Amino acid sequence: MPTHTLPTGPSGYKLLFAGLIAAVLALAGCSTTPYVDGSAATQPQPVPGKSAVVQKRGGAYYKDDGPGDNPPANLDDIPDAQPRVEPLHRFANRPYNVFGEDYVPAKAVMPFRQLGRASWYGKRFHGKPTSSGEAYDMYAMTAAHPTLPIPSYARVTHRASGRSVVVRINDRGPFHKGRVMDLSYAAAHRLGYVNVGSAEVEVEAIVPDGVELIATEKPIPPLPGRRPAALVPPTPAPAEPPVQLAMAEPSTLTDATSGIFLQLGAFSTAASAEGFRGMVRDTFAEHAERLEVLVDGKRYRLHLGPFASVTEAKAEAERIARELKFRPFVVTR
């Protein structure tokens with residue numbers, strides 16, 4: 001076995017030190033990734049006739065969810081959902097429980113505003129039934145929300161960019177902490193966050209003029225939902241004979257008794273206002289004689305009161321908000 005004699009003296013130590021440095025640099029070069037100029041790296045290129053959106057690949061999406069293989073060419077041109085009067089689904093708006101958490105959907109279409117983080121869902125659920133029984137279409141302007149009425153409409157605004165879309169709520173979810181809404185792939189694409197997974201948004205319910213607040217009498221039974229959750233119906237109350245109510249002629253706002261009141265809603269028709277009054281009366285029987293519908297121009301306003309003070313009115317507003325998932329506001333007339 002050959003042997004090598006290391007040089008001695010100052011010059012020998014310098015040569016040894018230089019050799020060690022060279023060896024370390026060589027090893028470091030083997031363990032790092034060389035820098036690649038982004039302009040020269042291979043980037044996904046738009047395919048003629050297909051959407052130009054850059055799509056992640058290789059498990060970048062939750063449980064391999066993601067965009068379809070052949071998205072339509074007009075993703076940027078898919079129009080907003082068009083708000084219209086629709087009867088509420090009889091079953092999809094019942095209280096339910098998911099992962100040990102109770103959810104109580106709103107029982108009427110009403111003003112609602114929420115800030116939070118929105119995600120989206122794609123091909124794993126495409127074509128599968130939503131909570132409304134409708135098939136999920138990832139290329140339609142729809143969304144899932146834990147408690148907004150089904151069906152209803154909302155404007156969703158990306159808080160960073162200011163972009164906004166109008167979606168139709170036809171599904172329940174998301175059930176991840178910190179998430180307030182799941183948008184369809186098309187809606188998330190329009191807002192510009194499909195490639196980052198989620199974004200901070202503002203959700204604002206849209207209340208179409210003349211909206212009917214009472215669920216349809218003959219609903220289509222729902223299909224099994226896409227979520228791993230079963231709806232938990234409330235305990236049925238003892239059967240009571242139906243009560244026939246005559247619709248009283250509403251008072252005008254100018255002739256109404258003065259005092260401190262809560263406004264529960266404003267409607268374009270007397271029938272809608274009376275329907276909502278009936279729902280509130282059923283939930284808060286103690287307020288049955290304190291609810292009144294007032295005519296204010298072309299609007300019918302539902303008021304509750306009077307209250308002895310603003311503090312008392314606000315306390316009752318909080319109680320109503322916890323039960324009906326909307327917050328009345330104090331008015332003085």
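Reader: How much accessible surface does the protein have, and what share belongs to carbon and sulfur atoms?

Author: Accessible areas come from the Shrake-Rupley method with a 1.4 Å probe; for residues, only the protein chains shown count as cover. Here the accessible surface comes to about 19,500 Å². Carbon and sulfur atoms hold 57% of that. This is a predicted model: local features need pLDDT of at least 70, side-chain atom pairs count only at pLDDT 80 or more, and totals for chains, interfaces and linings use all residues. Residues are numbered from 1 along each chain as its sequence is written, and side-chain values use heavy atoms, with hydrogens and water left out.

Reader: What share of the residues is buried?

Author: Buried means under 20% relative accessible area, exposed over 50%, and partly exposed in between (1.4 Å probe, protein chains only). Of the 333 residues in the protein, 38% are buried.

Reader: How many helices and strands are there?

Author: Helices (H or I, at least four residues) and strands (E, at least two) are DSSP runs, numbered from the N terminus. The protein has four helices and 13 strands.

Reader: How do I read a pair of aromatic rings?

Author: Use the distance of the centres and the angle of the planes. Rings of Phe, Tyr and Trp (its six-membered ring) pair if their centres lie within 6.5 Å; planes under 30 degrees apart count as stacked, over 60 as edge-to-face and the rest as tilted. This structure holds seven such pairs. Take Tyr96 and Phe175: their ring centres are 6.0 Å apart and their planes stand at 75 degrees, so the pair is edge-to-face.

Reader: Which parts does the pair of Tyr96 and Phe175 tie together?

Author: Tyr96 lies in strand 1 (residues 96–98). Phe175 lies in the loop between strand 6 (164–171) and strand 7 (179–184). The pair therefore ties together parts that are 79 residues apart in sequence. Both Tyr96 and Phe175 are buried. Ring pairs also link Tyr96, Tyr103 and Phe175 into a cluster.

Reader: Which residues are joined by a cis peptide bond in that loop?

Author: Gly173 and Pro174, with omega at about -5 degrees. Pro174 lies in the loop between strand 6 and strand 7. Another cis peptide bond joins Gly305 and Pro306, with omega at about 5 degrees. Pro306 is in strand 12.

Reader: Where does a charge sit over a ring?

Author: The test is NZ of Lys or CZ of Arg within 6 Å of the ring centre and within 35 degrees of the ring normal. The charged end of Arg333 sits over the ring of Phe261, 3.4 Å from its centre. Arg290 has its charged end over the ring of Phe307, 4.7 Å from the centre.

Reader: Which residues of helix 4 are buried?

Author: Ala313, Glu316, Ala317, Ile320, Ala321 and Leu324. They cover an arc of only 145 degrees around the axis, which puts them on the same side of helix 4. The arc is that of the directions from the helix axis to the C-beta atoms. On the other side, Thr311, Lys314 and Arg322 are exposed.

Reader: What covers the buried residues of helix 4?

Author: Contact means heavy atoms within 4.5 Å. The cover includes strand 10 (260–267), helix 3 (270–283), strand 12 (299–307) and strand 13 (329–332).

Reader: Is Phe99 buried or exposed?

Author: Phe99 is exposed, with a relative accessible area of 63%. Its phi is positive, about 50 degrees, although Phe99 is not a glycine. Look for Phe99 in the loop between strand 1 and strand 2 (101–103).
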